[in-house]
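Dear colleague,

A summary of the findings follows it.

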Amino acid sequence: MTNFTPSTSADVLSAVQWAAAEGAPLEIIGHGSKRGIGRPVQAEHTLDLSQLTGVTLYEPEELVLSARAGTPVAEIERLLKENGQEFAFEPMDYGPLLGGEPGRGTIGGMLAANLAGPRRLKAGAARDHVLGIHAVSGRGEAFKSGGRVVKNVTGYDLSKGLAGSWGTLAVATDVTFKVLPAAETETTLAVRGFEDDAMASALAIAMGSSCEVSGAAHLPEGIADKVAGGVLGSQSASLVRVEGFGPSVAYRVAKLKDLLGAAPQIDEIPADQSRALWRDVRDCIPFADGTEKPVWRVSVAPSEGWKLSLALRMESPASAFFDWQGGLVWLRMEGDPEADLIRRLVQKCGGGHATLVRAAPSWRGSVDVFEPQPAALAALSRRLKHEFDPNGVLNPGRMG
């Protein structure tokens, strides 16, 4: 077994060229914070990008940042914070959920997993903010796509195409992202006493308003007290976040209170506690329990999330909470991942995507971890894989 630890793009190119020539599959990792997602990789050798680090360009006035792929996101976020900026799409940190340390995810992994957080409702995901990449395909060919300005893409935007490919198409060596000014302050309204169906209506009212809501989640009883040091208490809470300048936030919070006036109780969560709360929602902290109990990340229409959860819990023991106005359902199963059941219920709710993001290796090796693709899309994916990695040397088996 060979463990490659490149510190330059040329080293990465050399390693992949060797693998392509020898037909020797490689597992591609940064710091391994998301290594437990997907099927176990069928590779004897490892390409470890943890030494390929450093911010190579940061121009705060131009809202652009470039970094080598192994650079920790936490390190970059500290730099951005010093300049009053952020990744607007609020990338999730999978480390705690998968039993690891927080802050270990890399900027290359952020793109490969197409990360996003609660603000996806407003800002999209990593693929919507990437401007360019330098990468090495499975053929052992270096290429670049996009650039370092927002309007710089002609033809196929390969940088977006690699988002969500989990290292199976190419190895990114340097990535460039658009960054944006961080909000001056924020306030979260915690609407108390609603059952799941009323929660869906309340969040829909908030999102449909002119108040520019940047987060909408629901934490049922038994889940609510597991975030932000228990600031919410044990009672269920439907959460609505407003961000921006102080006077604007105050005005929009007052307007939302009027719109949601039928609620039994509405509490205001101030800025510092609000940030901690949404960070814990983002990172699925309620289920970061140190176990290997199966956890699913299910995306459906916002009006269907609570129905999916209710139908599932009638057939199998499970816990759930909701983000993205109810359209992102986090599920923790007590035993069997129940993949067939969950996917059947997703289709019954009008379709969507279900990804098994945590489970014991034996389960990950025996079920479809990622949502199975329709035949036409699967054929397209196979052709794309063949173009980028004809010998299957990059993360073989990870996506099934």
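**Two residues with positive phi**

Glu338 is located in the loop that connects E17 to helix H10 (339-348). Helices (H or I, at least four residues) and strands (E, at least two) are DSSP runs, numbered from the N terminus. Although Glu338 is not a glycine, its phi is positive, at about 55°. Its relative accessibility is 25%, so Glu338 counts as partly exposed; the classes used here are buried for under 20% relative accessible area, exposed for over 50%, and partly exposed in between (1.4 Å probe, protein chains only). Gln325, in the loop between strand E16 (318-323) and strand E17 (328-333), also has a positive phi, near 65°, and is likewise a residue other than glycine. Gln325 is buried, with a relative accessible area of 16%.

**Basis of the model**

This is a predicted model, in which local features need pLDDT of at least 70 and side-chain atom pairs count only at pLDDT 80 or more, while totals for chains, interfaces and linings use all residues. Residues are numbered from 1 along each chain as its sequence is written, and side-chain values use heavy atoms, with hydrogens and water left out.

**Overall form**

The protein has 12 helices and 18 strands. Its radius of gyration is 21 Å, which agrees with the value near 21 Å for a compact globule of 400 residues; the radius is taken over C-alpha atoms, and the globule rule is 2.2 Å times the number of residues to the power 0.38. The C-alpha trace spans about 65 × 50 × 35 Å along the principal axes. Of the 400 residues, 54% are buried. Among contacts (heavy atoms within 4.5 Å) with a separation of 6 or more, 73% are between residues 24 or more positions apart.

**Strands and their pairing**

Two strands pair if DSSP finds at least two bridges between them.

Elsewhere, strand E15 (residues 295-299) runs antiparallel to E18 and is joined to it by 5 bridges. Ser299 stands opposite His353 in E18. Strand E18 (residues 353-358) is largely enclosed by the rest of the structure, because 5 of its 6 residues are buried.

**Two contrasting loop positions**

Is Ser236 buried or exposed? Ser236 is buried, at a relative accessible area of 12%, and is found in the loop between strand E12 (213-219) and strand E13 (237-244). Leaving aside residues up to four places away in sequence, Ser236 touches Val191, Arg192, Gly193, Phe194, His218, Leu219, Pro220 and Glu221. Ser236 and Ala224 are 12 residues apart in sequence, and their C-alpha atoms are 5.8 Å apart in space.

Ala262, by contrast, is exposed, with a relative accessible area of 76%. Ala262 lies in the loop between helix H7 (246-259) and strand E14 (265-269). The C-alpha atoms of Ala262 and Ala125 are separated by 33 Å, and the two residues are 137 residues apart along the chain.

Yours sincerely
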